[in-house]
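These notebook entries record what I looked up, entry by entry. I begin with a single residue and then turn to whole chains.

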Amino acid sequence: MTSLTGYAAVSMILFSLGAIGVVSRRNVFIIYMSIELMLNGINLFLVTFARYHFNMDGQILSIMVIAIAAAEAAIFLSVIILLFKTKKSLDTNVFTELKQETE
Amino acid sequence: MIDFVFLALSFFAVGGGVAMLINNNPIYCALGLLISVLSVAGLFALLSATFMFMVQIIVYAGAIMTIILFILMFLNIKEEDLPHEPKKNILITMGVILMIPINLLILEGVARLPDSDMSIVEEGFGGIKELGMKLYTEWLLPFELISILLLVALIGAVVLAKKREKRGTSYD
Amino acid sequence: MHTPYLIWIILIPLLGALLNAGFYIYHIKFKKLPEKLFAIIGTVTPFIAFLFTLNLFFKLNDGSENFEQFLFQWLDVDNLSIEMKLLGDKLAIFMAMFVTFVGWLIHIYAVGYMKGDDGFGKFFAYFNLFLASMLILVLADNPVILFIGWEGVGVCSYLLISFHYTDGDNVMAGNKAFIVNRVGDLGFILGVITLFFALDKTGISFGDMQANISIASNDLLILSGFLLFVGAMGKSAQVPLYVWLPDAMAGPTPISALIHAATMVTAGIYMVARFHFLYSSVEEIGLFIAYIGAISAVFAAIIATRQQDIKKILAYSTMSQLGYMFIGVGLGFYSSGLFHVFTHAFFKAMLFMGAGGVILALHHEQNIFKMAQHRKRLPIISATFLIGVIAISGIPPFSGFFSKDAILAAAFQQGEYLIWGVGMFTAFLTAFYMFRLYFVVFVAPNGHEKEYSYTDKTITFPLMILAVGAIFAGFLNFPAIFGGSAFVDTWLAELNSVKLHMSHATEYALMFASIAVAVAGIYVAYKKYANYDVYKPESEEGLIANKFYVDEVYDKLFVQSIKRLSRYFDETVDTKYIDGTLMLACKGFISFGKKLAIIQNANVRYYAFYMLAGISATSMYIYITLIGQ
């Protein structure tokens, strides 16, 4: 089981769960957490291939991804706070300022 | 033995993800995510990436999940504030259907790669020394850029959190 | 043999038309020009054309070959080679001669008749154009060129009938003439096409067709002969396409005289004569033509007995005489039919011009029961009118007798006793209604006292010349039994498919019969109308007086249904179907676009969903191809 295919399967499942979460949930928090889950899945993939090829580059990329996830967390959550303050709601369907009215 | 560990960690990872997907209460979702992140850290360890294992726990589980939980509690979300999600199950099903082809494709591609040894390596791979060697020689430029990115994020967070003067425009 | 003169016969009147048109435009836009200018251009050109024709006539008479003039190649596609070529053989020159001569006289007449009219110059431009078209028709070497002239005279007829276009009735009459003619034209075109293909595409000029006539199958010849005759029915006002001719009297009288008496209506007979090689090979069609001619003759004569408008009486009499001509050519006696065309041109034109003189003198009164006793006051017109009436009734030695009698004798000889009988009856009616006209207008006492206008010399001069022709033209074809030269018969002998040969006794008997019938008609008219009290007009009731209601029937059958059809197309098909379908396409696009616009609902999650869907589909596709390898 601990073969390449096994690790790939796990990482793809995590990624899929994250993608499904982004698409189907309306709560803005949960969307964010799904994004983080996707990133995790990709990290697992990278490290798997680093081990597969016996090359450290994959792990370095993985570190970078974690760093970016951290930065993103800071910004994302600040924005959520601002949105909650103005719209008083955590529903993404409410944030439709980009829409153009049809006749 | 290793297989059993692998299976258990995978189970927890996926289970945490599913829990995160299904729950209505964001706190439960955050806890699910936490479990998933920790399991992924264990999987890193199985892959001889010892440094990654540590970084994942410290940064991801320790910092990012903490700040998520902190914001959740800070916003003081009550039951009424949560949005209604009547079509959640249908959408999840549709999402599953959508993701299947992508998974199939990737797994098919991976399966065609030649087999190789994935056992744990004792020394010489995945440790701090090797990581540092690569990071500060080959990957120096990306390293610097990442630090600038973190700086930008820091400044951005501070700016966004500042109190805004009323400009007379209403948001509703 | 080649001659360069034929084209000038056509070009000179055409040039006159263009000059008059140009001057007329100048006249209405810039400065007024004197009427004399238009008159001189308008009358000199036909005379010059006549001189040319006369010259060619003398040459032909001296035994020269037929004249030809090749102008240019019009079309040369595959087997179809149409040349712009003019042919001046005996038939063409014969027609051209009296067309130009009578045309010239009527142009002179028109100077006096149209005096003071605003469109004086325009009139002469149209008139010359008409003459040019008629000459193209007559001098054509192939049916296509003939058709150019055919259409040209149709157009000019339309233009001239509705000359006073401010009155809506005139325009409707012009429309009627053109449209009914069009029906005939369709038949003509189809006939020419059928004939061309029946002859296996060997050639389209008359000479070629005549040489190759034996190639064609009998059925196709019958079909094309019939279709060509449909054209003649329209142009020469035979049953059933005659309805335009009485209405065409709405045009000024010179038009009626030239176009609808002497020239355009004879184009149909000319055309049949031109296609004599066709009609000689299929005798059934010839018989059909003769019967149509007989029917038209008697039909028109019956209607004419109850008409009250002077010009309409003359119009129906034209139709009746045209019927006689068709009897002649239908039975194969082309020279007799054409001779009747010739004499008819003279006396009918004269009758029309006389009627015009009367109308002018009485300030445009046209109802015969409102005219006074003119014999004393309009002596010249009265005298010439009498001559014309006697001629048309067929009293010897005036010209009408010789031509009409030749046709009736031909019918008798061929064994067509029914046609002969109808012809006799029609002769009786002709004498009756023509003398009715004469007596009521010129003789009957205690008429209305109406004011008179002075009659111009330009009106009386042509009348006198034509009177001479009406009297003496008969001698051009003096029958052989009287020791005459039968000039026209020999001139056109090559056309005839049968010759007139009967015993002298029969011929004398027939002549006597025709004279008797005509005198009977005059007697009846005299009894009834010589002392007619014109304050009691005839009733307008009854089948005959209403022209057998043919116009009403045509209106119901054709005009109303076509109007309804076009209204249907305009309202339903155009707005509902065509517009509807197009609007459906437009609205379909709009609603489809609206439906598509729902996708862009500013909800970012949906965008992510769509992205994911796209990626999923692509990976599905790649997966399947990957599996396949």
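**Entry 1**

Where is the place of A237(C) in chain C? I looked it up in the model, which is a predicted one, and I found A237(C) in the loop between helix 8 and helix 9 of chain C. I noted that its phi is near 55°, a positive value in a residue other than glycine. I also checked its cover: A237(C) counts as buried because its relative accessibility is 0%, and buried means under 20%.

I then looked up P240(C), which is in the loop between helix 8 (218-235) and helix 9 (244-247) of chain C. The peptide bond that leads from V239(C) to P240(C) is cis, and its omega is near 0°. For background I wrote down that most residues other than glycine have a negative phi, and that most peptide bonds are trans.

In chain A I recorded a positive phi of about 55° for F54(A), although F54(A) is not a glycine. F54(A) is found in the loop between helix 2 and helix 3 (57-87) of chain A. Is F54(A) buried or partly exposed? At 48% relative accessibility, F54(A) counts as partly exposed.

**Entry 2. Chain A and chain B**

I looked up the secondary structure of chain A and found three helices and zero strands. The order from the N terminus is α-α-α. Chain A has 103 residues, and 62% of them count as buried. Its accessible surface comes to about 3,700 Å², and 66% of that belongs to carbon and sulfur atoms. I also noted the contacts in chain A with a separation of 6 or more: residues 24 or more positions apart account for 57% of them.

For chain B I recorded six helices and zero strands. Of its 172 residues, 38% count as buried. Chain B exposes about 10,600 Å², with 71% supplied by carbon and sulfur atoms. Among its contacts between residues at least 6 apart in sequence, 65% join residues at least 24 apart.

**Entry 3. Where chain B meets chain A**

How many residues does the contact take from each of the two chains? I found 85 residues from chain B and 72 residues from chain A. I noted that the size of an interface is often given as the accessible area lost when the parts come together. For chain B and chain A the buried area is about 7,000 Å², and carbon and sulfur atoms give 78% of it.

I then looked for salt bridges across this interface, and the rule finds one. D57(A) forms a salt bridge with K134(B), and the closest N and O atoms are 3.4 Å apart.

**Entry 4. Helix 1 of chain B**

I looked up helix 1 (residues 2-22) of chain B, which has 21 residues. From its first C-alpha to its last, helix 1 of chain B reaches 30 Å, close to the 30 Å expected at 1.5 Å a residue. Its buried residues are F6(B), L9(B), S10(B), A13(B), G16(B), G17(B), M20(B) and L21(B). For background, an α-helix has 3.6 residues a turn, so residues three or four places apart point the same way.

Against what do these buried residues pack? In chain A I found helix 1 (4-24) and helix 2 (28-53), and in chain B helix 2 (26-46) and helix 4 (88-111). The face turned away from the buried side carries the exposed residues F4(B) and F11(B).

**Entry 5. Helices and residues of chain C**

I looked up helix 4 (residues 120-138) of chain C and found that 17 of its 19 residues are buried. In helix 5 of chain C, 15 of the 19 residues are buried, so this helix is largely enclosed by the rest of the structure.

S157(C) is in helix 5 (residues 143-161) of chain C. At 1% relative accessibility, S157(C) counts as buried. Not counting residues up to four places away in sequence, S157(C) touches I259(C), H260(C) and M264(C).

I40(C) is partly exposed, with a relative accessible area of 49%. I40(C) and V111(C) are 71 residues apart in sequence, and their C-alpha atoms are 9.1 Å apart in space.

Key:
Residues numbered from 1 in each chain as written. Chains lettered and ligands numbered in written order. Predicted model: local features only at pLDDT ≥ 70, side-chain atom pairs only at ≥ 80, totals over all residues. Heavy atoms only, no water. Helix = DSSP H or I, 4+ residues; strand = E, 2+ residues; numbered from the N terminus. Buried < 20%, exposed > 50% of the residue type's maximum accessible area, 1.4 Å probe, protein only. Contact = heavy atoms within 4.5 Å. Areas by Shrake-Rupley, 256 points an atom, 1.4 Å probe, with all protein chains shown as cover. Expected span 1.5 Å × (residues − 1). Buried area = accessible area lost by both parts, 1.4 Å probe. Salt bridge = Lys/Arg side-chain N within 4 Å of Asp/Glu carboxyl O.
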